[in-house]
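Please open the structure in a viewer and keep the selection tool at hand.

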Amino acid sequence: MLQVQNNNELRAQIREWKAQGKSISFVPTMGNLHDGHLSLLQIAREQSDKLVSSIFVNPMQFDSSEDLKKYPRTVEQDCKALMEHHCDLVYLPTIKDLYPSGMEHMTAVTVPDITLNQEGKYRPGHLTGVSTIVLKLFNLVQPDIAVFGKKDYQQWRMIEKMVQDLNLNIQIIAGETIRETDRLAMSSRNQYLDDRQHIIAAELYQQLKQVAQAIRHGKQSFSSLTAQAIESLNAAGFSVDYFEICHQLTLQPGSPQDPLVILAAARLGNIRLIDNIEI
Ligand code: AMP
């Protein structure tokens, strides 16, 4: 597996593969890889001749410098896992490589509408940070296919829209959310949960499942369903940011006849968890 930090070196390798007619799939990450990430690599591996991944903790998408500083960095271990998953190249840029003149005067890409609510509302600037870095990485890696996790549902839908709106010639594939044995969605942040918090954390998906089940059984009173779920989660020890039943494509409030997704974000102490379920 090639380990590349320099942008020119990356471009040269991509050019060589393109000249050989190789197709390229891409899985961008912030590292600290777990089975969720690895499942995306597996999907990507099957789709193309060359598999590229990146590890970059993108400062532009963090709302607090504390959170950024604390973000777990395990590059050596990650590279081993990438190699085991037959990754051909891992791109490991530094902040200077991607933001040589700093972030303040950077061109940023904001995807409208779909980013207004949920994460867009509770983490101002976060989604713009994500769309901007993903577009930069797309321009450097020039993949035919890119794979994202449904775990970050709004992020995935936003990237799909960006690709469509900006005519990027990249196929976006979504991988299902990989969960721990208690069904808690895998996340780099789970390691901060103590045993008691871990038990409570699993309740987030249980509530999503219960509401999804109720809707499948014909319940149409969405506002009372979400109010009950929020009450139960708050009673369990969460502080709920949102728990919303939405249209799968627009992420606007959904109606019973729509393709639906329930999106939730809640904090346990200072650990913020997000999860969702499609109906
Ligand atoms: P991150 O390293 O958090 O930026 O995530 C990199 C990619 O992995 C994103 O596309 C995430 O949606 C995806 N991902 C994170 N957690 C999971 C999970 N539990 N299951 C599937 N994909 C995930």
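**The ligand and its surroundings**

Begin with helix α2, which gives the most to the shell around the ligand, with three residues. The coordinates on display are those of a predicted model.

Next, select the ligand together with its shell. In total, 17 residues surround the ligand, and the closest are His37, Gly149, Asp152, Ile178 and Met186. Sorted by class, this shell has seven nonpolar, seven polar and three charged residues.

Now turn to individual atoms of the ligand. Which residue has a side-chain N or O atom 2.6 Å from an oxygen atom of the ligand? Select Asp152: an N or O atom in the side chain of Asp152 is at that distance from the ligand oxygen. Then select Met30, where a backbone N or O atom lies 2.9 Å from an oxygen atom of the ligand. Move on to Met186, which has a backbone N or O atom 2.9 Å from a nitrogen atom of the ligand.

On its own, the ligand has 490 Å² of accessible area, and the protein covers 92% of this area. To view the elements involved, colour β2 (24-29), α2 (35-47) and β5 (145-149), the elements that give two or more residues to the shell around the ligand.

**Gln191 in its loop**

Select Gln191 next; its place is in the loop between β6 (171-175) and α9 (195-216). Which residues does Gln191 contact, leaving aside its neighbours within four places in sequence? Gln191 is in contact with Asn32 and Pro72. With Asn32 there is a polar contact, side chain to side chain, at 2.8 Å.

**Two packed helices**

Finally, select helix α1 (residues 7-19) and helix α7 (residues 126-141), which pack with their axes 8 Å apart and at an angle of about 55 degrees. The two helices, α1 and α7, are therefore oblique to each other. On the α1 side, the contact is made by Asn7, Leu10, Arg11 and Ile14, and on the α7 side by Asn139, Leu140 and Val141. The residues of this contact between α1 and α7 divide into four nonpolar, two polar and one charged.

Key
Residues are numbered from 1 along each chain as its sequence is written. This is a predicted model: local features need pLDDT of at least 70, side-chain atom pairs count only at pLDDT 80 or more; totals for chains, interfaces and linings use all residues. Side-chain values use heavy atoms; hydrogens and water are left out. A residue is near a molecule or strand if one of its heavy atoms lies within 4 Å of it. A polar contact is a pair of N or O atoms within 3.5 Å; within protein, one must be able to donate a hydrogen and the other to accept it, and residues adjacent in sequence count only if both atoms are side-chain atoms. Accessible areas come from the Shrake-Rupley method with a 1.4 Å probe; for residues, only the protein chains shown count as cover. Helices (H or I, at least four residues) and strands (E, at least two) are DSSP runs, numbered from the N terminus. Ala, Val, Leu, Ile, Met, Phe, Trp, Tyr, Cys and Pro count as nonpolar, Asp, Glu, Lys and Arg as charged, and the others, Gly among them, as polar. Contact means heavy atoms within 4.5 Å. Axes are lines fitted to C-alpha atoms, for helices over the stretch in contact, and angles run from 0 to 180 degrees between N-to-C directions. Angles under 35 degrees count as roughly parallel, over 145 as roughly antiparallel, 65 to 115 as roughly perpendicular and the rest as oblique.
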